[in-house]
Amino acid sequence: MADNPKKKGRDRELVSEQEHEVAYLMRTAKVTRQKALKAIREAGPSREKVMDYLGKE
């Protein structure tokens with residue numbers, strides 16, 4: 001299900017601050033909750049950019 005109900009289809013390329021998505025980032029990138037949230041806020045909603053941002057820290 002898309003985060004935005006007006007948007008159709010899946011949005012796997014995007015990440016939000018929803019609890020399950022933050023938990024996924026924490027597991028895959030092995031970072032704390034604070035670092036995951038900071039990465040989402042700094043890098044924007046693109047999952048690829050968030051992972052790049054976490055890789056640089």
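Q: Axes are lines fitted to C-alpha atoms, for helices over the stretch in contact, and angles run from 0 to 180 degrees between N-to-C directions. At what angle do helix α1 and helix α2 cross?

A: This is a predicted model, where local features need pLDDT of at least 70, side-chain atom pairs count only at pLDDT 80 or more, and totals for chains, interfaces and linings use all residues. Numbering starts from 1 along each chain as its sequence is written, and side-chain values use heavy atoms, without hydrogens or water. Helix α1 spans residues 19-29 and helix α2 residues 33-43, and their axes come within 9 Å. They cross at roughly 110 degrees.

Q: How many residues of the contact of α1 with α2 are nonpolar?

A: Helix α1 brings E19, V22, L25 and M26 (contact: heavy atoms within 4.5 Å). Helix α2 brings R33, A36, L37 and I40. Two of the contact residues are charged (Asp, Glu, Lys, Arg) and none polar; the nonpolar ones number six.

Q: Is α1 parallel or oblique to α3?

A: Helix α3 covers residues 47-56, and its axis lies 11 Å from that of α1. The two pack at about 45 degrees. That makes α1 to α3 oblique.

Q: Which residues of α3 touch α1?

A: From α1, the contact uses E21, Y24, L25, T28 and A29. From α3, the partners are R47, V50, M51 and L54.

Definitions and conventions. Helices (H or I, at least four residues) and strands (E, at least two) are DSSP runs, numbered from the N terminus. Angles under 35 degrees count as roughly parallel, over 145 as roughly antiparallel, 65 to 115 as roughly perpendicular and the rest as oblique.
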